[in-house]
Amino acid sequence: MHQGTKFLSDAPSWATPHDPGADPVTERTRHARHALVDSEPGLPGPVLAAAAGARKALVVPVVTALAIGTIFVAVYLAAFHAPSVRHQPLGIAVSDKVAARAELALNNAAPDGYTIYRYPDAKTARHAITHDQVSAALVADDGGTRVLVAGA
């Protein structure tokens, strides 16, 4: 035999000619076994198969958590994308002319946004704020016109 001659059995598995009479299932499993062994040289097939299961066990929870997080964000963005005030109680203790202008401006800015309560003086408006009847009041007294708000 000549030393430079290579026989078909010495050739790599990918270089073997296709046999049309071969069983396709056997061919696929042979190919799959070689793919596992060739991807990590030196590791047997069962070890590679076990590692694939561990990777799958790690990937599935991560993908599930990302999907749940995406749904959570989408629901909150849909629900709270345009917050607006509705029937917020607001007190006014100023002159009739200023009160009329303030009510008109608030109703134009946010219809049904505020429920206006009129008070005769700043002391009564402050009392309403401290007793949680209104959350804010526009008052005019010796210090000028200002807004009083409820504290946290």
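**Ground rules.** I number residues from 1 along each chain as its sequence is written, and I work with heavy atoms for side-chain values, leaving out hydrogens and water. Because the model is predicted, local features need pLDDT of at least 70 and side-chain atom pairs count only at pLDDT 80 or more, while totals for chains, interfaces and linings use all residues.

**Overall make-up.** From the N terminus on, I read the order of the elements as α-α-β-α-β-α-β-β.

**The sheet.** I then followed the strands, which form an open sheet of four in the order S2-S1-S3-S4 with mixed pairing; two strands pair if DSSP finds at least two bridges between them. I noted strand S2 (114-118) and strand S4 (144-149) as the edge strands, each pairing on one side only. Neighbouring strands are turned by 20° against each other on average, direction ignored, with axes taken as lines fitted to C-alpha atoms, for helices over the stretch in contact, and angles running from 0 to 180 degrees between N-to-C directions. Strand S3 (residues 136-141) runs antiparallel to S4 and is joined to S4 by six bridges, and I found Leu138 opposite Val147 in S4.

**Helices on the sheet.** I checked which strands helix H3 (residues 96-109) touches as it packs on the sheet, and these are S1 (88-93), S2 and S3, with the helix direction at about 170° to that of S2; contact means heavy atoms within 4.5 Å. Helix H4 (residues 122-130) also packs on the sheet, where I see it touching S1, S3 and S4, and its direction makes about 160° with that of S3.

**Gly113.** I located Gly113 in the loop between H3 and S2, and I record Gly113 as buried because its relative accessible area is 0% (buried is under 20%, exposed over 50%, partly exposed in between, with a 1.4 Å probe and protein chains only). Leaving aside residues up to four places away in sequence, Gly113 touches Val85, Arg86, His87 and Gln88. I also looked up the C-alpha atoms of Gly113 and Val85, which are separated by 5.0 Å although the two residues are 28 apart along the chain.

**Val73.** I placed Val73 in helix H2 (residues 45-79), and Val73 counts as partly exposed because its relative accessibility is 46%.

Definitions and conventions: Helices (H or I, at least four residues) and strands (E, at least two) are DSSP runs, numbered from the N terminus.
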